Amino acid sequence: MHTIKSHFEIHSRFRNGIFLLSILLFICVLIYFFYPKSQNSQQDFVELTKFQHHVDSLKKIAQEKKNDFRLKPFNPNFISDYKGYQLGLTPDQLDRLFAYRNQDKWINSATDFKNVTQVSDSLLAAISPLFKFPKWIKNNRTHKKHKKNKLPARSFDQKEDLAVVSAKMIQEKVNIPDFIAERIIRYREKIGGFVGDTQLQDIAGLYNHQRKKILSFFTVKTPRNIKRININEASIDQLIEVPYFDFEMALEVRDFIEDNQGISSFEELGKINGFSLEKIDRIALYLKLN
């Protein structure tokens, strides 16, 4: 019994030291659990709140970018370089579209878009549901599906003068978009007045059925007074006066006529590189052969 007890006997100096150590440990535990904990908890809460705000802001930015990237309906006539990149168009396909639009021509259907850009059928099938065209184009398509109404025949006297008519009157009579009616008047002013009805073919965006409907109500009654020039004798300055010739084309025409010692028909001008025979009938309004 003496042997077992000897293992638990502690000198008084050690007991005092252990007692003091126990008090210090107890005080440290109290300090840790009360004072530092409340301070650290408050600080941790503030930091967590800041962190959560930061995470929320990042989520918001990511969602905005996602919304921006999501493709929305668009008019294929106004595709930018960046938009084309998003759609998967190649630079060559975009260049074809831009060249087509620079001619003041318009894409009015998915078929037009494919013919102009030469995109693949798979890409067209993916992006064509997003094409959004003006309402008046959709209305024109609807009208084409129905049987065409025969335009009423009007005599020359019953028609109004296309040389002086206003854009508003054309729009009211024919029911075409206002900007097309205004484009007709602007072109008439640009060339100094209409010389013949066929010049309506020069109006960009004017469809054939719209042109025919216009001509069922209007005709050029007071054409611009011009003196037709003999093309075989015309100078460069005289050729430039023709609305369909710029300076370079006037030079080409003059050189071609001199090289061939004159022409006997306007169709011969089709041999000139870059010359369009589509406007021969309108060019003939200003020129003659003899």
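I take buried as under 20% relative accessible area, exposed as over 50% and partly exposed as in between, with a 1.4 Å probe and protein chains only. This is a predicted model, so I ask for pLDDT of at least 70 for local features and 80 or more for side-chain atom pairs, while totals for chains, interfaces and linings use all residues. Residues are numbered from 1 along each chain as its sequence is written, and side-chain values use heavy atoms, with hydrogens and water left out.

**Helix α10**

I found Ile 180, Ala 181, Arg 183, Ile 184, Ile 185, Tyr 187 and Arg 188 buried in α10. I then looked up what covers them: α9 and α11 (208-217) are included, with contact meaning heavy atoms within 4.5 Å.

I also checked the length. The 13 residues of α10 should span 18 Å at 1.5 Å a residue, and the end C-alpha atoms are 18 Å apart, so the two agree. The expected span is 1.5 Å times one less than the number of residues. After α10 comes Gly 192, with a positive phi near 85°.

**α9 against α10**

Next I took the pair α9 (residues 167-174) and α10 (residues 178-190): their axes are 8 Å apart and the packing angle is about 135°. That makes α9 oblique to α10. My cut-offs: under 35 degrees is roughly parallel, over 145 roughly antiparallel, 65 to 115 roughly perpendicular, and the rest oblique. Axes are lines fitted to C-alpha atoms over the stretch in contact, and angles run from 0 to 180 degrees between N-to-C directions.

Which residues meet? From α9 I noted Ala 167, Ile 170 and Gln 171, and from α10 Asp 178, Ala 181, Glu 182, Ile 184 and Ile 185. I sorted the residues of this contact into five nonpolar, one polar and two charged.

**The loop residues**

Between α9 and α10 I stopped at Asn 175, in the loop. Its phi is near 60°, positive in a residue other than glycine. Buried or exposed? Asn 175 is exposed, at 64% relative accessible area.

I logged Gln 118 too, in the loop between α6 (110-117) and α7 (121-127). Gln 118 has a phi near 65°, again a positive value in a residue other than glycine.

**Ser 216**

My last stop was Ser 216, in helix α11. Ser 216 is buried, with a relative accessible area of 6%. Leaving out residues up to four places away in sequence, I listed Leu 151, Pro 152, Arg 154 and Lys 159 as touching Ser 216.

Conventions. Helices (H or I, at least four residues) and strands (E, at least two) are DSSP runs, numbered from the N terminus. Ala, Val, Leu, Ile, Met, Phe, Trp, Tyr, Cys and Pro count as nonpolar, Asp, Glu, Lys and Arg as charged, and the others, Gly among them, as polar.
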